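These are my notebook entries on a structure that I looked up.

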Amino acid sequence: MKAQPITSARKDVRRSRPQVSPAEVARRKLYWPLLAPALLIYVGLLVAPALYGVYVSFTEWSGRGEAPVWVGLANYARLTRDELFRTAFLNTLAILVISGAGVFLLTFVLASVLREVRWSRTALSILFFPFLLSPIAVGIALSLLLSPNGLFNAGLRSVGLGELVKAWLTPDLIFRVILIGLVWVSVGYYLTLMMSAIGRVPRYYYEAAELDGAGRISTFFNVTLPLTWDVVTISAVLWCINAIKVFEFIIGFTGNGDAPPPQARTLTIAQFLATTGGRNPQYALGLGSAMAVVMVLLISVFVVAVRRLMRRESLEF
Amino acid sequence: MNLTRRGFTTLAAAAVGATVVGCGSNTDPDAPGDSQAAGDKFTYWSMWTEGEDQQKVLASEIENFTKETGIEVEVQWSGREVLTQVVPRLNAGNPPDLVDNGSPDFISRLGVDNLMDLSDVYDMDIPGEDGKKVSDVVPEALMASMLKEGGEPFLVPYEVIGATLWFNANVTPQFEDAPPQSWEEFMAALDELKAAGRTPLALDGDIADYCAYWVEWGVLRAGGPGALTGAAQDPTGARFSDPAWVVATDNVEKLVQGGYFPEGFRGSKFPTQQASWADQTSKTDLILMGSWLPSEASGSLEKSGGDPSSIAFGSFPFPSVGENLGEGLVEAQPIGFAIPEKARQAAAAKQFVAYFMHKDRIARIASEAKNLTPRTDVEPPAELAGFAEEYGNAKTTVLFTDGVGTAEPKWVTDIWQPAIGKLFDGNLTGDAFRQELADKTVEYHKNG
């Protein structure tokens, strides 16, 4: 409401003094020349293709030679009937929720511990390391580690836990392994965000908590979490986006050029297979675009929901 | 502020418009076709990359061609994804004049409608070979997988790949002397090996297509060409109950349940099993695999410090199954040249294709690139001699997976491969496997 008087005041000034300042004239002159290139690139390379993708989702198109054929909502209707798409959708949600819970739980626990230990920086670097590597490479390395005669099983056998040895990469186990693998790959990143937030919290809050006899858990909930809430919120939003978009890790993990088994397919994998992926590409670009639209909607819903649920008065300190 | 916002909207709309137009397809019917006379140069985009054996052969023959005809060839060694690069050029109306790839890749990636009818190339005399036409040297049995809908060929092949049953004659010489002819003889041979403490069959079970070879081969041998693709395309799902399917899938069920494959073969990662077959750490004997096996297996053996000459590659045709309607059927997938519909210098490109089909030139694909050529009068590389014989005797040929991968790719990815996985995990019997395929295929066609 305050804006109104200021605007009218400015109008009054203009009316009384029709010539604008030279700086303002120069600014106006430069406005379009400076904005146009960025705008053109942004709209041309980002906004327009995205909108074109939405258009393609209402068509049937192989992407070569012939023009897209309008089919209305047929692609979306097909997705609702497609059992494997449903699996992919649920798998994506499972990653979002289950791996997400794992990532944040581990982040909070590690953050509480690392806050107190002397070699926390080194530990943090080690934990962050998987995030630096190419997810494809990590996926492949993990899958070799977990192959029937891989290091992991050999390790279990050598410490006398031979009965726990399993074929970890078989379709019935692979998704559970992926859920855990994703936690391992991701936790370093969120922990780094969390640690930098904790670093900003003045020490005397912790000292006061200690004097009050608060334990680790109580300190975490009463000091750390409230004072880092903004970063936790951002992390949660980032996780929603990253979890729905996860792709390379799974392709690397299951990868052999073939389509991953249905148990390990997510929305991005389903989209890859419907378009140019796998040994038998389908070139169903309309269907693939419909999946992309579903994915964007899903991300939007989760991001908005997370932001709403986690909205709090931010604490000043 | 109003002006600014309007300006923004206009600019944004213009950019959107420009991009959408750019993304659209060019379907200009007046684009130049093959009506032009042979120019003095043409462009060739190749599936091979610099340094590969096939690339070296082609590059050297291109040089000879230019010397002899004066026609310059502008080559781009693009690699396997070449067709992905051709698509945008096709949409823009200026594709390369010559491209090469496997016939199913052309079908799925470019679409045969976008390729020229090469009947006239088949009618051309091969320069330097007295009155021999291209059609004289490409076996009739191979043609079925290179035809457009109207029956015109879109491909001229210079290499053939396929899958067959491989063994190491140093380990199991008995297969060289007397390969099993029928499924019963085959099983007897496997049982004998098993009794001797061996695991008869090597299989990288993480690759669904490799598992599927076992079902496919049984179905095709028993039911003849099209037995797999036909069943996939039958909206009633009834063909999965055909006798060919029953016998073939029951056979595979016995292989899985009987422990003929290595332990944990579904959970290992390619090429673990193949490499263990090559260096014999797995004590496996037979492997149903593509004709690229000799080069892959020798390569992996060499890399791990083994001696490639410890493998004497031998192969024999998949034994007869059930009614044996697919007798003499060979899986042979042609790789060759095709010319996009809108190519500007098609005539010059065609001239080169006929030139390369000369026996001495194409023979270098066998002698230097160690692959099989479509010409049966070319001496095959020693390790492919068995497969070459099988190919030479072919009554009919099919593409890998009976071509269902290009005919119904979604069916393969969403129905076939998952079901194959369950069959090989031992979670489905042959009967339940057929039932699942039938049910899901009906649903698949309903969802169309």
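Entry 1: I began with strand S5 (residues 163-168) and strand S7 (residues 284-290) of chain B, which pair in the antiparallel sense over 4 bridges. I took two strands as paired if DSSP finds at least two bridges between them. Helices (H or I, at least four residues) and strands (E, at least two) are DSSP runs, numbered from the N terminus. Within S7(B), I found Leu288(B) as the bridge partner of Leu165(B).

I note that this is a predicted model, in which local features need pLDDT of at least 70 and side-chain atom pairs count only at pLDDT 80 or more, while totals for chains, interfaces and linings use all residues. Residues are numbered from 1 along each chain as its sequence is written, and chains are lettered from A and ligands numbered from 1 in the order in which they are written.

I then traced the sheet that holds this pair: it is open, has 4 strands in the order S6-S7-S5-S8 (chain B), and its pairing is mixed. Strand S6 (199-202) and strand S8 (313-316) of chain B are its edge strands, each pairing on one side only. Neighbouring strands of this sheet are turned by 30° against each other on average, direction ignored. Axes here are lines fitted to C-alpha atoms, for helices over the stretch in contact, and angles run from 0 to 180 degrees between N-to-C directions.

**Entry 2: the five-stranded sheet of chain B.** I looked up a further open sheet, with 5 strands in the order S2-S1-S3-S10-S4 (chain B) and mixed pairing. Strand S2 (72-77) and strand S4 (156-161) of chain B each have a single partner strand, so one side of each is left without a neighbour in the sheet.

I followed S1(B) on both sides. S1(B) and S2(B) pair in the parallel sense over 6 bridges, and Trp45(B) stands opposite Gln76(B) in S2(B). Of the 6 residues of S1(B), 5 are buried, so S1(B) is largely enclosed by the rest of the structure. A residue is buried if 20 or more other C-beta atoms, placed from the backbone, lie within 10 Å of its own.

Strand S1 (residues 41-46) also runs parallel to strand S3 (residues 98-102) of chain B, joined to it by 2 bridges. Tyr44(B) has Leu98(B) as its bridge partner in S3(B). Helix H4 (residues 103-110) of chain B packs on the sheet, touching S3 and strand S10 (333-338), and its direction makes about 110° with that of S3(B). I counted residues as in contact if their C-beta atoms, placed from the backbone, lie within 7 Å.

**Entry 3: chain A.** I recorded 14 helices and 2 strands in chain A. Its radius of gyration, taken over C-alpha atoms, is 26 Å, well over the 20 Å that the globule rule gives for 317 residues, so chain A is more spread out than a compact globule. That rule is 2.2 Å times the number of residues to the power 0.38. Buried residues make up 32% of the 317 residues.

**Entry 4: the interface.** I found 43 residues of chain A in contact with 40 residues of chain B. On the chain A side, H2(A) gives the most, with 11 residues.

Conventions:
Two residues are in contact if their C-beta atoms, placed from the backbone, lie within 7 Å. A residue is buried if 20 or more other C-beta atoms lie within 10 Å of its own, exposed if 12 or fewer, and partly exposed in between; C-beta atoms are placed from the backbone.
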